[in-house]
Amino acid sequence: MSGLPIVYHTDYVAPLKPGHRFPMSKYGYLREALIARRLLPEAGGYIAPAPAGFAQIASVHAPDYVDRVFTQSLHPEEVRVLGLPGSAAVARRARLSVAGTTLAARLALEHGVACNAAGGSHHAGPTGGAGYCVFNDVAVAARTLLDEGQVARVLIVDLDVHQGDGTARIFADDSAVYTLSVHGARNYPVRKARSDHDVGLPDGTADAAYLAAVRGALDEALVRHAPDIVFYNAGVDPFEGDRLGRLALTHEGIAARDRLVFARLRARGLPVVGVLGGGYDDDIASLAARHALLFEAAAAGAGM
Ligand SMILES: [Zn+2]
């Protein structure tokens, strides 16, 4: 077992109708992949969150929206935009994911690095959810640590292939939080928000150009902001075979990206919170193997 604290809950998998396009089962496969890589023992070994409460989540989302999620009374249009059913299991999963990222952030402040084996729901914005994202776990966790006075400045590095539009909107007028999004310029969402720094990449961008873009944007963010903690959305949908990606990173390119992020941030002694982000593939085992790269890079970063 590594020294990397991993936050996980069996209810990160919420039942969906057969054939639903969201790869919900990947979270269970990921746990198996982490066991195979000796990042978790055969049983347990992870830290399980309890569902986040109303007030904490309503610190970044409209209270009436949070209430509709909690009480399974979302409007049909909200369910359509979300792409997930407004069920009790989906609500519980979203609350667990928020609590999981918050817990991982506290563990990162204590141990230097920690990961949530879920999260990265970056399309959820001030007024509601979108694109498989019910609550913005990273935004809630950042808001919570800021409100508690645990940190004064936060950097959010979002390398999911889709723009972190919800996160950008939540922190649009908040100088304590610097949002960086490196994404596919022509990918969802069609209407982009404005992050503190957006890098929109052309379709088909491959390893070398991608890594150069990430390195440059990350170094610039660290010059401009000097954070007390960094949240890293390590979505693996820039992968060449991703169903929704449009970019062309290899498996090794994703691995190099994750190593680069942790090496750069840990060299400066910054606490780093890793969250899963997106990844879409009918081959769930290979998808889980790609998500496991975050944890391998984080475990190496934990030793720095
Ligand atoms: Zn994505």
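This is a predicted model: local features need pLDDT of at least 70, side-chain atom pairs count only at pLDDT 80 or more; totals for chains, interfaces and linings use all residues.

Setting aside neighbours within four places in sequence, Leu 211 is in contact with Gly 253, Ala 256, Arg 257 and Leu 260. Leu 211 itself is found in helix α8. From Leu 211 to Gly 301 the C-alpha separation is 18 Å, and the two are 90 residues apart in sequence.

Another residue of helix α8 is Leu 222. With 19 other C-beta atoms within 10 Å, Leu 222 is partly exposed, because a residue needs 20 or more to count as buried.

In the loop between α8 (207-225) and β6 (229-233) you will find Ala 226. Ala 226 is not a glycine, yet its phi is positive, about 50 degrees. It is worth a look, because most residues other than glycine have a negative phi. Ala 226 has 13 C-beta neighbours inside 10 Å and so counts as partly exposed.

Now for the helix pair α9 and α10. Two packed helices are described by the angle between their axes and the distance between the axes. For helix α9 (residues 251-267) and α10, the angle is about 30 degrees and the axes are 9 Å apart. The two helices are therefore roughly parallel to each other, since angles under 35 degrees fall in that class. The crossing in which α9 passes α10 is right-handed. On the α9 side, the residues that meet α10 are His 251, Ile 254, Ala 255, Asp 258, Arg 259, Phe 262 and Arg 266. Their counterparts in α10 are Arg 290, Leu 293, Leu 294, Ala 297, Ala 298, Ala 300 and Gly 301. Sorted by class, this contact of α9 with α10 has eight nonpolar, two polar and four charged residues.

Helix α10 also packs with helix α1 (residues 26-36), at an angle of about 60 degrees and with the axes 8 Å apart. That angle makes α1 oblique to α10. Here too the crossing is right-handed, with α1 passing α10. From α1, the contact draws on Lys 26, Tyr 29, Leu 30, Ala 33 and Leu 34. From α10, it draws on Ile 284, Ala 285, Leu 287, Ala 288, Ala 289, His 291, Ala 292 and Phe 295. In this contact of α1 with α10 there are eleven nonpolar residues, one polar and one charged.

His 291 sits in helix α10 (residues 284-302). Is His 291 buried or exposed? It is buried, because 23 other C-beta atoms lie within 10 Å. Beyond its neighbours within four places in sequence, His 291 is in contact with Lys 26, Leu 30, Val 236, Leu 276 and Gly 279. Lys 26 and Leu 30 are among the α1 residues that make the contact with α10. As for Gly 279, it is twelve residues from His 291 along the chain, and their C-alpha atoms are separated by 7.8 Å.

Just after α3, Gln 72 has a positive phi of about 50 degrees.

Tyr 132, in the loop between β2 (113-116) and α6 (137-148), has a positive phi near 70 degrees. With 19 C-beta neighbours inside 10 Å, Tyr 132 counts as partly exposed. Finally, the peptide bond from Tyr 188 to Pro 189 is cis, with omega near -5 degrees, and Pro 189 is found in the loop between β4 (177-184) and β5 (197-201).

Key:
Residues are numbered from 1 along each chain as its sequence is written. Helices (H or I, at least four residues) and strands (E, at least two) are DSSP runs, numbered from the N terminus. A residue is buried if 20 or more other C-beta atoms lie within 10 Å of its own, exposed if 12 or fewer, and partly exposed in between; C-beta atoms are placed from the backbone. Two residues are in contact if their C-beta atoms, placed from the backbone, lie within 7 Å. Axes are lines fitted to C-alpha atoms, for helices over the stretch in contact, and angles run from 0 to 180 degrees between N-to-C directions. Angles under 35 degrees count as roughly parallel, over 145 as roughly antiparallel, 65 to 115 as roughly perpendicular and the rest as oblique. A crossing is left-handed if the near helix is turned anticlockwise from the far one by less than a right angle, and right-handed if clockwise. Ala, Val, Leu, Ile, Met, Phe, Trp, Tyr, Cys and Pro count as nonpolar, Asp, Glu, Lys and Arg as charged, and the others, Gly among them, as polar.
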